Amino acid sequence: MKIHEYQAKELFRKYDVPVPQGQVAFSREEALNVADLLGGYPVVVKAQIHAGGRGKGGGVKLAPSRQEAGNIADEILGMTLVTHQTGPEGRLVQKLLVEAGQDIAKELYLSMLVDRETAKVVIMASREGGMDIEEVAANTPEKIIKIYVDPLMGIQNYQLGELGFGLAIPKPARKQFAGLVRQLYTLFVANDCSLVEINPLILTADDQVLALDAKVDIDSNAMFRHKDLLEYRDLDEEDPQEVEASKFNLNYVNLDGNVGNIVNGAGLAMATMDIIKLAGAEPANFMDVGGGASADQVENALRIILMDEKVKAVLINIFGGILRCDIFAEGVVQAAKKTGINIPVVVRMEGTNVDEGKKILADSGLDLTSAVDLKDAAAKIAAAI
């Protein structure tokens, strides 16, 4: 679950990670009120969307005066901000973060994420923080420091020293820097984060360390342990179909193709997307209804797929195990009759009660195309498109 920068900084404050003074604002008037409370200029006005690259896209601007703060707030609020992470469609900006300007001496980069290969938390840092960190990682990877922390041991003093040395932290700031990293690691583990990123982490002219930016991703599978963080979820920043699917415990990811697919099992879903592409078509989604789906879940899965106007055909690929083929067929018939589906549907079923399932589909009176195997299913769906 992604959260906004202003929410991430609320979390940072709870763990004593130093951040600039600032507050969220939803209008020009609120932005000016926050700027007035900060007690001086310049202030920074920052668009709040779930995407990086906001600065390059024009969503982060410095306001040297009250008049400029109001003008910038008007300019950014309501804009469709396009960055390298939003895609060409961009994101609508509906809220701002207004913060006190800082006297920046040096911009650094610091992040923590789970490294699956080592089963450790990897801390990545660089002296080259700021908007071009992606280019640094791509062109000069030797400038990226990596420290691997065993979660059973926790972060060690020598690792903090190694980070401080690698980033050339000046002596007056080393103690504060070490404390910041230790607290950030505590936050990461305590909240089941998959990513925490500060870009930039700044050194001020008076040798203070400050998280000028904050990005936090929380493992959605762990949200049952963090019900207090659910209030941070912003449904306006999520795909409407993915939000709808989550209400029925369906694993759905929207893609750019035109073939909708319904599958039971994540591995089979991945294989199904592969065979769609191999046949020359493009998958419109990842949809795993799960091993124990009910007829109602199947109905909702088909309904959600048909919400996507890009979908020109549907491939249903089911291996009947826990989810029996007859139960699935009932769900397909139920859904097709309720939605009035008018695009080609190809069905491939194998497994438990497959004959009963095929009979239910055959007796339904619906215009469904049966496939013998995966290759046949892919060929028929490509031909239908």
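## A walk from Gln102 into the fold

Gln102 is partly exposed, with a relative accessible area of 30%; here partly exposed lies between buried (under 20% relative accessible area) and exposed (over 50%), using a 1.4 Å probe and protein chains only. The model is predicted, so local features need pLDDT of at least 70 and side-chain atom pairs count only at pLDDT 80 or more, while totals for chains, interfaces and linings use all residues. Residues are numbered from 1 along each chain as its sequence is written, and side-chain values use heavy atoms, leaving out hydrogens and water.

Let us stay with Gln102 for a moment. You will find Gln102 in the loop between strand 6 (96-100) and strand 7 (104-115); strands are DSSP runs of E with at least two residues, helices are runs of H or I with at least four, and both are numbered from the N terminus. Setting aside neighbours within four places in sequence, Gln102 is in contact with Pro20, Ile202, Leu210 and Leu212, where contact means heavy atoms within 4.5 Å. Its side chain also reaches the backbone oxygen of Ala100 at 3.1 Å.

UniProt, in an unreviewed entry, lists Gln102 under "binding site" together with Lys46, Gly53, Arg54, Gly55, Glu99 and Glu107; feature names are shortened, positions follow the numbering used here, and such annotations may be inferred rather than shown by experiment. Glu107 takes us into strand 7. Glu107 is partly exposed, with a relative accessible area of 31%. Beyond four places in sequence, Glu107 touches residues including Arg127, Gly130, Pro200 and Ile202.

Strand 7 has partners to follow. Eight bridges join strand 7 to strand 10 (residues 193-204), running antiparallel, and Leu113 stands opposite Leu195 there. Strands count as paired if DSSP finds at least two bridges between them. Seven bridges link strand 7, again antiparallel, to strand 8 (residues 120-126), with Ser111 facing its bridge partner Met124. Strands 7 and 8 form a hairpin with four residues between them, and Ala119 in the turn has a positive phi of about 55°.

Notes
A polar contact is a pair of N or O atoms within 3.5 Å; within protein, one must be able to donate a hydrogen and the other to accept it, and residues adjacent in sequence count only if both atoms are side-chain atoms.
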